[in-house]
Amino acid sequence: MAAILEVKNIEKIYPDGVIANKDVSVSVEEGTIHAIVGENGAGKSTLMKVIFGITRPQNGTISFQGQEVNFKSPDDAIQQGIGMVHQHLMLASDLTVAENLVLGIEPKRRGIFLDDHEMIRLTREVAQRFSLEVPPDKKIKDLPIGIRQRVEILKALYRKAELLILDEPTAVLTPQETEVLFRTLKQLKANGKTILFISHKLREVKEIADRVTVMRDSQVITTEDAAKLSEEDISHLMVGRDIRTERIPQSETTGEVVLETKGLSFVNEDEIFVLKDVSFSVRAGEILGLAGVEGNGQTELVKLLTGLLQPTDGEIFVRSKAISGLSPRKVREIGLAHIPEDRMENGVADQASVKENLIVDRYYKAPYSRRSRLLWKTITDHTLDLVKRFHILTRNVDTPVNSLSGGNIQKVVVARELSADPDVLIASQPTRGVDVGSEEHIHSLLRQVRDEGKAVFMVSADLDEVLKLSSRILVIYNGEIVAHIPDPSMVSAEDLGPYMLGVKRQEDLGAEIHS
Amino acid sequence: MSPLLDSIFSSDFGFAVLRVMTPLIFPALGFAITDLAGVVNISLEGMMLMSAFFGVIVGAFTGSLLLALLAGILIGIAMGAALGYFHLKLKTDIILGAIAMNMFASGFTIFLLYVLTGDKGSTSSLKSLVFPEVHIPLLRSIPVLGDILSGHNVLTYAALLSAIVFFFLIFKTPLGLRIRAVGQNPDAARSVGINVDRVQLYALMLSGLFGALGGLYLSMGYVSWFARDMTAGRGWIAIAAATLGGNMPLGTFLAALLFGSVNALAIYIASVNIPSELIQMIPYVATVLALALYAIRVQKRRQKIKEEALEEEYDSGPPDNPPPAAAKQRGGSS
Amino acid sequence: MQKFILRNFTLIRTLIAIALGIVISIFLIYVISETPGFSLKSFLIAPLLSKSRLSNIVENATPILFCGIAIAVAFRAKQFNIGAEGALFISAAVGTAFAVSTSMPIFIHIPLVLLVAAGAGAAWGFIPGFMKAKWGASELVASLMMNYVAYFLGLYLINNFFRDKEAGFLVSYRLPESARLAQFLEGTRMHYGVFLALGAALLIYYLMFHTTLGYEIRMTGHNQGFSRFGGIKIFKIIILVQVIEGALAGMGGMTEIMGIHGRFNWQMSPGYGWEGIIVAIIGREHPILIIFASFFLAYIRVGGQSLNLLADVPFELVTVIQAVIIILITAEAFLGRFKYKLTVNEAKREEAGDESLA
């Protein structure tokens, strides 16, 4: 069969110097379902953006339907017959299905009017041709997610897409909806369309993909027939390491339970059950690492623990004291500190100065203020001290945080949270997007906190980090704890992969997690 | 019957309501179109003022009603385009930009008025043109209704018509579809190749067109001169009307009707013992209440969705998922 | 030099905007005036030469300053409440009603009247504030509507219950002497209200930059996610800033009545709330800079009045310039390319510097 898409030697370096694609070559055959799998940050999304014209590579060529193409924008890609279904659906919720479908290339009547009937007819037509039932005159906001996604697929087909890119399409779907989607994709394949499918979920990949490309560390590891690879093979290729990660010796003593959760559940705004019955405990003097592919409930779990969200069900205890229902400030006062996963969203106010950012959890207390008056002298001294202790590179303490580098902004956050001297530290993606030097520094700080007898709960999508630092490891998949590794020195990244990807799960986890 | 009720049920009152409504419907629709497009334009007051002024001036100096109409419309559209340029190109906050536009219009019209006529109050020294009144042949002979509906300024009929035009524009043309799409989800519109900035610019220019018609009516129909700050807050009331009407043509029309009635009532009531200030207050209080009720409804709906999802999940969830009550007990027992 | 410009870019852009506004006004004066030299002098110099005009500047700046700092507090928290005008009007009406119906010693009466007025303004700010915090309703539209409610309610109150029927026009009874702010310079209408305004500006400066509440307000404006993360109660802040705005604007309205008119005589809303928005923007939401902005605005307004009176150019020239200045200051992309160039140059220079060190 002929290749519909030929990607050769793509290299993409972002302005901040991050290499996202290194010599990436993939060939996608016409009329197949081709899956691209890889860990977070392996370079899948960048590759898709390059193919769809959202971003342009430094090197390499793309050929589509036998011709070399050079897309300047997604428009160009759409014109040539490539469609993309984004993870966040691109639909206007107050418009009807038909209106969303024809938006931008509307059928007209008498030159100026929208042709409503034609619009609906076209919708029915394209829906029937691909056997994708949708109600043409219903508004998007009245439809379930699965149908909305189908509209998105139809949108691409209506624009005569031959190649459909789906970015983690099942992440927002229920299992039933996923099944329906897969039937759809198979139908499209039968219709001669080609599908490029990004996923983390190996069972799904095995179920529908003809070919699989595995990416790791910005490179393509291999492209194979899906039939030739088992789920274990793929997971091995995805997380496989050439060298075993160096481990840091664990502290000798672990103490009493400091942080404990029982039966935590959470339903989000989109009606999705993101956490189901999560129970675990963290002891003094240990780092409990939570491994998992992003988007499996970690973000919500951390927000629940820190009082930023309230659980739909279940309880959280710090030193046997129930903290659910308490405000974020009360939770902090009980002795919990928090390095948030997105430092720009929660960690800092980027237009405010370094010193203002370093006091957000303590400005109202002595010695930083007295009777509501801020004591700037103390605050400045405090800031200078932290800047020195945590090696924060800044021109001065009044510099706005947004003029610092990513690593130094993260150090501002870490400095504030660690200097709060907490009993429990919740560290979420503590070294994401920081340079190697800052990463080392932050790792040694986390170790130090552990050795001081604090309880640390670390969430990370970076398996190396989890393996390197954790005293024990939990794996989360689809909002549930699926594995508990009491002794990380006994496992490698390959062993964790199948749990993270939903291939395997341990039974009877209950009591053991609290060990 | 009391004299008040007498006058309210008179056909004069109905006639007055339509008259008062006209300069509200136009700008209200003008605001609605920008709100739908996601570029709230609160400079209707200024747009109306500029058009009212240029209509009178051009009419007086050229003697041509058509040129006056064109001048008024062009200046309104230009105001919309200018706001678009500031907001979309120069990245001015649209609220502050619009406040500046209003200020500019108020000052600039009086400034020019003085320069051109030596008068700062009004154009009474100029011979202003007026849009004609229309007597509808059949309608006028119907008792009561004919007295209410016939004999209005042509722009009053245009205003009633414009609500219908607005409906077709927004719901039945590609531009309207794009305006709605851009307002709701600009990313979605962008993803299918729509130039979001351009659509928003068109919305602002259309808003200028509507505002211009409202302004022209004020100075060349409602009265026959331009007076300083003659819009007297109608551009703001229009925003209230559009908000109350949910930016939809019928709703906006009904809201403008309410505001117009209240306004007319305030004029009629002056002779009776009810303080007119309280009557005139009603539309604004109503808008504040409507705003609150709308926000509460949106919030309630979100809440409900969440609760329903919870129930469903527990209904269909795997058996090892404990129901909420049981889980609570378990949590509490330790 | 480049570094200096970059660091003070916003301030420099503000000054350029003001300069451009003045250049445009000079241009307009030359176009329309038959005696441009004299007109220009009337506009820019005359306000500074006579005692009565200087005092006019001070009188004018007083309520504008109150409204400016009021709005700055709310804008700092990214709450676009533009209801200062309404708060000012209703407070003046309620304050007047209270003042004319009570009598007590001056040192109690004055603060009490001001307090009542501020309370009325605070209540006015509370309504949109609560609606925003609790239900997410737009404070912009709500406060705008409240301006009209304030206008009609204020007129209702004065015209129906406190109207001085002996006066020839619609005004309230005279305030008792015990509720008057004294005018402190013979031959002018300058009153002690200006010191209240300056005091309020200093107080708000202190509040915003030296208290925990000010810190909470500013952080909420910067990033609500960050503030919630740090335990700041956003709900409280959103309401409180609008309450403070209303109270300050209310004081501004009342001091004007107590110091200048001696009775409630507004039949139109005086517009100080809108001027307040202008000075809040020119003063970049900083109370101290707003003091300068208020006096600057009052200066060009008085200049406009003298231009109007002495020369052949209408006052509204000033309104046009105000609009131009506002547009230029708020246009973030204005001079943006220039700034970008400077930034790139600076970055290149630093890089080159680093290399030469290595």
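Predicted model: local features only at pLDDT ≥ 70, side-chain atom pairs only at ≥ 80, totals over all residues.
**Exercise 1. Work out which elements the salt bridge between A:Glu440 and A:Lys468 links, and classify the accessibility of A:Glu440 and of A:Lys468.**

Step 1. The side chains of A:Glu440 and A:Lys468 meet at 3.3 Å, N to O.

Step 2. A:Glu440 lies in helix 15 (residues 436-451) of chain A and A:Lys468 in helix 16 (residues 463-469) of chain A, so that distant parts of the chain, 28 residues apart, are linked.

Step 3. With a relative accessible area of 44%, A:Glu440 is partly exposed, whereas A:Lys468, at 10%, is buried.

Step 4. Chain A also holds a network of salt bridges, in which A:Arg332, A:Asp361, A:Arg362, A:Arg416 and A:Glu417 are linked. A search of the whole structure finds 33 salt bridges over all chains.

**Exercise 2. Explain why the salt bridge of A:Asp116 and B:Lys172 joins two chains.**

Step 1. In this salt bridge the closest N and O atoms of A:Asp116 and B:Lys172 are 2.5 Å apart.

Step 2. A:Asp116 is part of helix 4 (residues 116-129) of chain A, and B:Lys172 is part of helix 7 (residues 154-172) of chain B, which means that the pair joins two chains.

Step 3. A:Asp116 is partly exposed at 22% relative accessibility, and B:Lys172 is likewise partly exposed, with a relative accessible area of 22%.

**Exercise 3. Characterise the interface of chain C and chain B by its buried area, its salt bridge and the make-up of the side that chain C contributes.**

Step 1. About 3800 Å² is buried between chain C and chain B, and carbon and sulfur atoms give 82% of this area.

Step 2. The rule finds one salt bridge across this interface, namely that of C:Glu316 with B:Arg228, whose closest N and O atoms are 3.0 Å apart. Between chain C and chain B there are two residue pairs in polar contact, counted with both residues at pLDDT 80 or more.

Step 3. On the side of chain C that touches chain B, the elements giving two or more residues include helix 2 (9-32), helix 6 (106-135) and helix 7 (139-161) of chain C. The largest share, 14 residues, comes from helix 7 of chain C.

Step 4. The residues of this side of chain C divide into 33 nonpolar, eight polar and four charged.

**Exercise 4. Carry out the analysis for chain C and chain A, asking which three residues of chain C supply more of the buried area than any other three.**

Step 1. Chain C and chain A bury about 2000 Å² between them, with 57% of it on carbon and sulfur atoms.

Step 2. One salt bridge is counted between chain C and chain A, and in it the side chains of A:Glu356 and C:Arg218 meet at 2.4 Å, N to O. The count of residue pairs in polar contact between these chains, both at pLDDT 80 or more, is 16.

Step 3. Helix 8 (193-210), helix 9 (212-222) and helix 10 (224-229) of chain C are the elements that give two or more residues to the side of chain C that touches chain A. Helix 9 of chain C gives the most, with six residues.

Step 4. This side of chain C divides into seven nonpolar, eight polar and five charged residues.

How values were computed:
Residues numbered from 1 in each chain as written. Chains lettered and ligands numbered in written order. Heavy atoms only, no water. Buried area = accessible area lost by both parts, 1.4 Å probe. Salt bridge = Lys/Arg side-chain N within 4 Å of Asp/Glu carboxyl O. Polar contact = N/O pair within 3.5 Å; in protein donor to acceptor, adjacent residues only side chain to side chain. Helix = DSSP H or I, 4+ residues; strand = E, 2+ residues; numbered from the N terminus. Nonpolar A, V, L, I, M, F, W, Y, C, P; charged D, E, K, R; others polar. Buried < 20%, exposed > 50% of the residue type's maximum accessible area, 1.4 Å probe, protein only.
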